[in-house]
Amino acid sequence: MSRTTRLSSSLLRAAAVAGVAALTLTACGSGSGSGSSSTGSGDVKVGLITKTDTNPFFVKMKEGAEKAAKAEGVKLMTAAGKFDGDNAGQVTAIENMVASGVKGILITPSDSKAIVPAIEKAKAKGVLVIALDTPTEPQSAVDALFATDNVKAGELIGEYAKAAMKGKAAKIATLDLAPGVSVGVQRHNGFLKGFGVKEGDSSVVCSQDTGGDQAKGQTAMENCLQKEPGINVVYTINEPAALGAYTALKAKGREKDVLIVSVDGGCTGTQAVKDGKIAATSQQYPLKMAAEGVKAVATYAKDGKKASGYTDTGVTLITDKAQDGVTSKDTAYGLENCWG
Amino acid sequence: MTATTTPPDTSKPYAGLTAPSTARRLLTQPTTGPLVALLLACVFFSLSTEQFLTGGNFSLIVQQVMVVGTLAIGQTLIILTAGIDLSCGAVMAFGSIVIAKMAAEGSLPPLAAIALGLVVCGGFGLLNGALVQKIPLPPFIVTLGMLNVAFALTHIYSEEQTVTNLPGPLTALGQTFPLGKTDITYGSLVTIALFLLLAYALSNTSWGRHVYALGNSPEAARLNGIRTSRLTIGVYTVAGVLYGIAALLLISRTGVGDPQAGQTDNLDSITAVVLGGTSLFGGRGSVLGTFIGVLIVGVFRNGLQLMGVASIYQTLITGVLVILAVTVDQISRRKAR
């Protein structure tokens with residue numbers, strides 16, 4: 001009795017895998033944005049490894065890479081960590097891409113330091129490695145870096161906030177990313193520099209980590225308001241955090257008299273600037289980072305010339321309430337160039 | 001497969017299945033289903049990509065699964081006792097930070113730092129086991145709490161900083177030696193040795209039989225003179241030490257001490273156990289099955305990557321596989337009744 005049970009259970013398991021294999025084939029066959037389809041000469045492979053699969057910023061990055069891959073006639077492979085900070089997942093992705101013979105890898109490191117040994121191994125095998133969006137530590141661990149100048153992105157909104165306050169005494173809340181993550185630290189420091197205050201200044205009344213998450217941004221803002229109800233300037237690491245802060249302020253009826261500034265320039269975020277929920281945001285260009293990265297690998301495959309150093313992919317201040325002395329573009333421009 | 005050589009024993013889950021013919025015995029092994037699944041997956045990927053079927057790639061897959069694999073051995077032991085451990089990844093992360101910081105920034109010699117890491121992880125296991133057994137609390141709750149404790153301690157102790165510049169001995173297991181044309185990682189050998197050791201202990205020692213008996217019915221095990229309390233605490237402690245070894249393997253693989261590590265490894269290890277045919281209700285399954293389960297996940301991840309399939313599909317497929325595996329387990333249980 002139970003003998004036949006075991007037997008059929010073995011067969012069931014086998015059938016299960018056959019089913020999944022079929023599923024895999026369907027997944028590939030559909031080729032829907034997986035970037036797996038080879039185009040033409042397609043012998044040159046480029047790998048793109050993002051922090052996650054689900055963040056719209058990285059979705060846009062992938063889109064930019066796909067377009068560029070098609071234009072350059074190279075094959076794009078993509079991979080991502082399971083969550084922001086998944087270093088082991090990115091290491092595995094690098095190894096698998098090197099095993100499949102990629103010419104170059106574009107990576108947004110989840111952990112700037114921890115990824116370095118894996119990158120060095122890939123470079124030792126002649127693979128061109130370019131960091132996108134987030135630098136490695138040390139930056140020289142990769143051949144080249146294509147990224148937003150995050151200090152400058154912070155500075156722009158700092159200067160804007162300073163101008164918009166028109167000399168009024170500021171009580172600032174900073175909704176930051178997470179301890180030790182370079183992007184967050186750079187934007188935070190840039191903002192303070194642009195606003196003209198030093199770290200630890202008494203005008204910064206509340207600082208909280210949000211992980212760039214809307215719900216956590218809301219909680220952080222609620223707690224900050226609890227601590228210091230008179231907050232009138234809110235710096236946020238990105239627009240999801242800004243929208244969370246807006247929700248918290250609205251619940252207190254404070255949404256009109258508090259200035260929220262942010263960084264990223266996603267389409268939802270830019271729309272929020274247009275709707276007046278966020279005063280200004282520094283827009284960055286993930287599509288451009290990826291496209292230039294793919295081009296650089298294609299060039300390397302063609303004539304062996306390696307990209308090097310840091311390429312600033314640009315940042316633009318987006319606002320509909322322009323301030324004197326601060327260069328900005330309006331939300332019409334922002335929405336045309338937004339990502340996500 | 002060692003299980004087939006032992007005489008029938010009522011405390012063993014497959015005791016009634018010692019069939020006359022070798023062929024039938026092979027087919028009725030609990031690991032046969034997962035093994036067939038693994039082989040089918042390998043055939044599929046061999047046909048789909050030219051890079052899959054190479055020695056180097058297989059070595060790479062084993063290397064990629066060695067950390068979760070070692071965690072999954074501990075997880076298997078605990079699940080066999082009808083428990084579960086949600087804290088394994090977090091405990092491993094803490095162990096890896098302890099080892100890395102003690103050796104790189106503290107004054108401990110590398111081997112002492114490693115020993116300390118094993119003791120710390122073993123201590124977490126001991127604490128888990130004691131809370132499960134002595135108070136008693138459900139394993140799910142105890143290890144859920146311990147997950148947060150270990151996670152927080154990792155971040156507090158590391159000050160959110162990745163530990164770099166590790167002394168050589170800490171990464172020794174990540175080094176490779178050539179075997180023919182293939183480079184093999186020492187850590188892979190350690191993992192395989194651990195699987196064999198625990199498989200032997202489970203099927204060929206009285207300790208192993210008691211673990212199965214405990215999972216089948218703790219009351220019956222106790223009435224049969226098994227010291228269930230000591231056994232439970234022992235199983236959790238052994239699992240903890242295994243997480244410590246996984247911590248060392250993790251350090252050697254990535255070359256750094258990473259406070260963010262291990263966040264999904266608890267679920268990944270449970271996935272491997274389930275895919276390997278071990279019942280979440282305890283008392284049925286094997287460590288070798290878990291090894292095959294680990295490899296199934298590794299092979300899919302590697303194979304799909306080589307095919308150029310986006311990683312989100314790996315998550316999709318792993319999810320489908322797990323549900324199928326549990327369904328199979330349930331159906332076979334119902335029929336067995």
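Me: Before we start on this predicted model, what counts as a strand here?

Reply: A strand is a DSSP run of E with at least two residues, and the numbering goes from the N terminus. A:Q283 falls in such a run, β10, which covers residues 280-284 of chain A.

Me: And what makes A:Q283 count as buried?

Reply: Buried means under 20% relative accessible area. A:Q283 has 0%, so it counts as buried.

Me: Which residues surround A:Q283?

Reply: Leaving out residues up to four places away in sequence, A:Q283 touches, among others, A:D264, A:G265, A:T270, A:Y333, A:N337 and A:C338. Residues A:G314, A:V315, A:T316 and A:I318 are on its contact list too.

Me: What makes β10(A) and β12(A) a pair?

Reply: Two strands pair if DSSP finds at least two bridges between them. Here there are four, and the strands run antiparallel, so they qualify. A:Q283 has A:T316 in β12(A) as its bridge partner.

Me: Where does that pair sit in its sheet, and why is one side of β12 left without a neighbour?

Reply: The order is β7-β6-β8-β9-β10-β12 in chain A, an open sheet of six strands with mixed pairing. β7 (204-209) and β12 (315-318) are the edge strands, each with a single partner, so each has one side with no neighbour in the sheet. From one strand to the next, the twist averages 15°.

Me: What about the sheet that contains β1(A)?

Reply: That open sheet has six strands in the order β2-β1-β3-β4-β5-β11, with parallel pairing. Its edges are β2 (75-80) and β11 (309-312) of chain A, each with a single partner strand, so one side of each lacks a neighbour. The twist averages 20° from strand to strand. Inside the sheet, four bridges join β1 (residues 45-50) to β3 (residues 104-107), and A:I49 stands opposite A:I107.

Me: Why is A:K302 called exposed?

Reply: Exposed means over 50% relative accessible area. A:K302 has 65%, so it is exposed. It lies in helix α10 (residues 286-303) of chain A.

Me: Now helices: why is α3(A) called oblique to α13(B)?

Reply: They pack at an angle of about 50°, with axes 9 Å apart. Roughly parallel needs under 35 degrees and roughly perpendicular starts at 65, so α3(A) is oblique to α13(B). The crossing is right-handed. Residues in contact include A:T92 and A:N96 from α3(A), and B:R301 and B:Q305 from α13(B).

Me: What makes α3(B) roughly perpendicular to α12(B)?

Reply: Their axes cross at roughly 65° and come within 8 Å. The roughly perpendicular class runs from 65 to 115 degrees, so α3(B) gets that label. This crossing is right-handed, and the residues that meet include B:V68 and B:L71 in α3(B) with B:I270 and B:V273 in α12(B).

Terms used:
Residues numbered from 1 in each chain as written. Chains lettered and ligands numbered in written order. Predicted model: local features only at pLDDT ≥ 70, side-chain atom pairs only at ≥ 80, totals over all residues. Heavy atoms only, no water. Buried < 20%, exposed > 50% of the residue type's maximum accessible area, 1.4 Å probe, protein only. Contact = heavy atoms within 4.5 Å. Axes fitted to C-alpha atoms, helices over the stretch in contact; angles between N-to-C directions. Parallel < 35°, antiparallel > 145°, perpendicular 65-115°, else oblique. Left-handed = near helix turned anticlockwise from the far one by under 90°.
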